[in-house]
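Dear colleague,

I am handing over the structure below, and I would be glad if you kept it open while you read the notes that follow it.

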Amino acid sequence: MEYYAVPYKAFLLLLLLPGVLMACGPAPDREAIIPPPGAMIQWPLTPAPETSPRNLLLNGDFQEWYGGLENPTGFSVPNGTMASFVARDVMYGHLDTLGYTARQTWQKVDHDTAPDSRFGTNVDVAPGQTYRFSAVAAADPGLVAQIDAFARDESGELRLVKGALVEVNQEAPSRYTGTFDTGEATRISLRTKLSPVSSLPGGVSWSAWELTEAQSANELTGIDALRAAWLRNTRDHLQQQHALYGGASGWSAQIYPIEKNLGRVYREVEAQPERALLGYDQFVFQKLDLNYLVHVRDFVGTSTETGYQYRPAFRALVALDRALRNQGKTLLLIPVPDRIHLYADKIHKPASELPPAYLPHHQLIATLVAHDVAVTDVAPLLKHRRHEGHAVYWATDYEVPSDTLGELAAYTTPWIQELVGSKKPEAVHYTVTEKELPLRQQAVAGLAPGLQKAIIGETQTMLSVTDGEGQPFAPAAESAVLVAGPFARLYEAHGASLAAQFSQQLGFPVSVLERPVEFQEVPRYLMESDSVARDAAEIVVFAFPEYALLRPGW
């Protein structure tokens, strides 16, 4: 696979501890997360032109596979030879694939059988072109499977174009890639076969097939190239982290005891009159925090009697991305893992070190990437900071510390600088100052009076951003970069906003929305309201706490 190298600070993820993973709720039932076969999602706006190659294979991700049918839509199963058979397996989500798994089991070798009698599919192609094929698959020990590419002429006869286009031989889910030239062919048949060196019986789990025109990243230019590189980088890091624990099923099995204990804690807290819970090390959590953590299976969407439905928040974010791209603008989403996710161990001390909330967060990022939405995964960064001893969140207050917002800005700024390029406005020198102040400790008010007296005072390091004349940061009315949402504005007593910190990192003032709006109101405001800041911006940054996805009003 080819990669487009862009010097993002996002590559810091490769240096983070391999055990530092995302955390956002109990492991979900993948059947509840992934749309079932035949589910239709309607976006309110027409999608913008794609910035990455389109999969030419119908149903290459095996999402359309109706119960009781032996073959996924668009594919034919082994016929007549009895050498192998194909069955629908569950949605393992290997390397962030979204559909069912096609489990092919061989009883005997089939390399000398007619290609049409093997598992595979047909696709129309352009003559004289080069195509890239990739498959996500995992093989049983001792089994080697291959996929051949055949050209089909007008009479229906098949001619081998490239044998062993890919060869699957690894037990761990992996991506296999190969290229072929079509010559004069206008239709290609892709068919599996078993290598004679394989141990039988055995099989392969096919998670996805993809065929694209062989387009190198260098053929993309400008923002399209940057978007494609950013999406690939995010996707690759997700795949690496997901594979560490054997995919969704392996992760679910290991954290099942943690889920049960968190559910027990939630039920106990529900019976108490207080609005908050005192955990370990004086961490105070609201009941709503626990409710969110226990019910976060609905993070991206829910399964209903009428089929799978994405949450309104997810639909709104994708619609916003399409609307801005239709206007030639770029949206960058920054979902910020919540306090309850990064510090769930302050409620319950699990025997395992696995984050109990990893899978829903992972699914959110992966689903946004699958819909071609540029998103930054900051969970590993924040977990790494906590591991190094930094207070990512306070123990007794719910707000996001200004230095944490500063880390998010510093982490994302290099990519924004690449997007702005030569259009960067005149530089402004900003200064950041620190001041130690007593923390308001808003969370303590929800505890019983006796517990409130036992809480030790906590301090905050408040950051302030001033310009070259010593004046407090003021956003621009118009700027190439618009930072949207409540994080963009100054907290009354919690220091520099995200907009101020982005301005300090970028070296020029960013803009904010003309009036304060809640997180769930941002997409509608940007799509429907008259906004000078939006019209002038080329890049819109929207950072939001992940609990906001479960709020009504999107």
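A residue is called buried when its relative accessible area is under 20%, exposed when it is over 50%, and partly exposed in between, all with a 1.4 Å probe and protein chains only. Please bear in mind that this is a predicted model, in which local features need pLDDT of at least 70 and side-chain atom pairs count only at pLDDT 80 or more, while totals for chains, interfaces and linings use all residues. Residues are numbered from 1 along each chain as its sequence is written, and side-chain values use heavy atoms, with hydrogens and water left out.

Aromatic rings

The structure holds 13 aromatic pairs, where rings of Phe, Tyr and Trp (its six-membered ring) pair if their centres lie within 6.5 Å, and planes under 30 degrees apart count as stacked, over 60 as edge-to-face and the rest as tilted. The rings of F62 and F75 have centres 5.1 Å apart and planes at 65 degrees, so this pair is edge-to-face. Both F62 and F75 lie in the loop between α1 (30-33) and β1 (84-89), 13 residues apart, and both F62 and F75 are buried. The rings of F119 and W209, with centres 5.5 Å apart and planes at 65 degrees, are also edge-to-face; F119 belongs to the loop between β2 and β3 (120-124), whereas W209 is in strand β9 (residues 202-213), 90 residues apart. Helices (H or I, at least four residues) and strands (E, at least two) are DSSP runs, numbered from the N terminus. One aromatic cluster is formed by F62, W65, F75, F119, F133, W206 and W209.

A buried threonine

T101 lies in strand β2 (residues 101-106) and, at 1% relative accessibility, counts as buried. Beyond its neighbours within four places in sequence, T101 is in contact (heavy atoms within 4.5 Å) with several residues, including W65, V90 and W206.

Nonpolar cores

A nonpolar core is a set of buried Ala, Val, Leu, Ile, Met, Phe, Trp, Tyr and Cys residues joined through side-chain atoms within 4.5 Å. The largest one has 81 residues, and those with the most contacts inside it are L333, I416, V481, V483, F502 and F542. Its largest share, eight residues, comes from helix α9 (residues 402-420). Apart from this core lies another, of 36 residues, among them Y100, A102, V166 and W206.

With best wishes
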